[in-house]
Amino acid sequence: MIFASELEAYNKYVAYAIGKGFGVRKSKTRKNDKGEITRRIFVCNCAGYSVNSSDQEKKYERPEVRCGCPAFIKFKVENGVHEVVEYVSEHNHEFIPEHQRQLIRCGRMISNICKGVLVDMAKAGIGGTMAYKFLANEAGGSQNLGFILRDCQNFLQSERSNLIEGGDCQNLLNHFHSMQIQNPMFFYAQQVDQEDRLTNLFWRDSLSKFDYDCFGDVVVFDTTYRTNKYNLICGPFVGVNHHWKNTLFGCAFLSDETAISFIWLFEMFLKSMGNKAPKTIFTDQDQAMAKAIRTVFPNTQHRLCTWHIGKNANQNIGHLYNKPEFKDKYFSKLMYRCRSEDEFDSTWRKMDEEWGTENNSWLQRLYDLRYKWSSAFGRDIFTCGITSSQRSESTNNVFQKMAAKTSSLVLFVHYYEEQLKHMRETEGQDDYSSRGQPTLHVMHNGILKHAASVYTRAIFKRFYDEFLQIVSQHISSTTFDGLVYEYTLTCKEIQGEHIVKFNPVDFSISCECKLFESKGWLCRHALHVLNANPSISVIPSAYILKRWTKGAKQGYMNDESHEMSAGPSTSNRFSTLMQNAFEVMSLGAQDENTMRIAKKNLNATVAEISSYNSSVAITDGASDDNDNDASLCEMLVLDPIQKKGKGTSYGRLKASSEKKRKKTKKIIPSMPIE
């Protein structure tokens, strides 16, 4: 037999071998004086014998199959044409059973179609095992797939390696530079050390800037997790949108938690957001971060997230925190239920007396920071209700899923972008769901109808819950000084009273519970007074925050805020064709006739494109190359040194006290070790 190329000869012999039940391995070649191959031999995979290179135990021992099998096929090669000149068909071993022949190594190959599916599923966050199961199901079983799970995992690993070929950080900066070329509103900044290794990095896209313009009054900055193989700290900037959902304003990688690094980061964040500082920022207990906030955001209220305080309390005073009579009666009350500074101080003294905590150093430091975390202090600070633990916990869960000690920066940023895309899709669905008005069980009430027409569904639900509580409130006394009414409201089942002041001229109203000042919608006490006034049928405009309304983003939009098109790149053309192809597949799969029509036209399309490619010089490839050159970042940056600090685990960062407890358990060597 004669074959036009080595590939054709090899594939033919492999197909024959798989049908018989043995594998094929490429063996010796002979070359002439010019270095051209003149002879080529393919052998059975059981040919020859294995040579043990070392007695050292290997991590994975392959089964021994070589037994000196004599079977082979020899080709004479002239000008690439392969002609069979010798063939031995006898084997000295048993053939592989038919039900196992799909496992023969030389016959396993991932088709280009399957490779495309695997890459797309990986981008969607679907792991290799689940992707393999999907393809096996589509093929009618793994035996029909043509490759095994390990091949799938190896392919995906090679794809990940290709992403960072030439340097992880350099590829990431090239990606950011390309994004900035496509949309000048994209922002990124980096710091390097004396060896040009990346130390700190911050980035945000154009829509994050737009979201910050709308919802940047409150920001949560969390540095809880290390999420990459360089042990860099991941710090996302998180906000709350008009649907009470998290939104991302940007993200950072930091090499350390020093004040210098935080100052640089906050300055870059402020610069990227048009020098608009947030009104309130939530962080964990970190002195370096507090110093940086005082330096860069001097007029911003710095609050400590109670979720982090609860986590730290469990680590530092776990013997007390896990007791309900301590946590519920004192600790939770100090965080959430104290209405005044006097009540806070008296509750703290009672806790010290009952539990003997006056000498606890961690609680003493927490007391010194009481102005940043207790509801008794700063009740008039707008917080969006972020003090609740669910807000920080949901953010942490998102980034914890990305955490992996082997994750490259490029891969992490890809996951971040996918999460950002998912959040924006969810926001679009919430916008759609907020159309119209919800069903009202309380009819003919102007204030409630007004709230239903302006607030999003999520915020109206919270307003509605507050509105229903007005029936539990009673006005026990009223005074009037000629300008302002002062109402004292009480609730029969709850001790205490609330003072509401109302001006009937300009409809200004305030309550000492400060719900509006902290969350942005009126409390039950103020609503009770407004609802009882027959001249008021709508919520006064001063008490409707635009950030909670259906039109929260109206008035902020401009041309620069839209993601700009990336131009006619290969990726964009592929996405456009994919949408059309999916429609063809859906219609063509209806029955045999529609499938025949689809295949006929698809084959004609392939033939026409192939004819075009062979007859016309393709200029798109050259332009794409030029585009690729232009998208490369001019600055050359090296990867940080891969390291894992002593005692540092990937995932949640441990408190200093937790690290100290571990250090005390270690035996100190008598001799210093270099």
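So, is tyrosine 13 buried or exposed? Tyrosine 13 counts as buried, at 5% relative accessibility, and buried here means under 20% relative accessible area, with a 1.4 Å probe and protein chains only. Quick caveats: this is a predicted model, where local features need pLDDT of at least 70, side-chain atom pairs count only at pLDDT 80 or more, and totals for chains, interfaces and linings use all residues. Residues are numbered from 1 along each chain as its sequence is written, and side-chain values use heavy atoms, with hydrogens and water left out.

Okay, rings. Phe, Tyr and Trp rings (for Trp, the six-membered one) pair if their centres lie within 6.5 Å; planes under 30 degrees apart are stacked, over 60 edge-to-face, and the rest tilted. That rule gives 47 aromatic pairs. Tyrosine 13 with phenylalanine 22 is an edge-to-face pair, 6.2 Å centre to centre with 65° between the planes. Phenylalanine 22 counts as buried too, at 1% relative accessibility. There's also an aromatic cluster whose members include Phe187, Tyr212 and Phe297.

Next, charges over rings, meaning NZ of Lys or CZ of Arg within 6 Å of the ring centre and within 35 degrees of the ring normal. Lysine 26 sits over the face of tyrosine 10, 4.9 Å from the ring centre. Arginine 370 does that over tyrosine 367, at 4.1 Å.

Last up, helices, which are DSSP runs (H or I, at least four residues) numbered from the N terminus. In contact terms (heavy atoms within 4.5 Å), α5 residues including His175 and Phe176 meet Leu409, Val410, Val413 and Glu417 in α15.

How values were computed
Buried < 20%, exposed > 50% of the residue type's maximum accessible area, 1.4 Å probe, protein only. Helix = DSSP H or I, 4+ residues; strand = E, 2+ residues; numbered from the N terminus.
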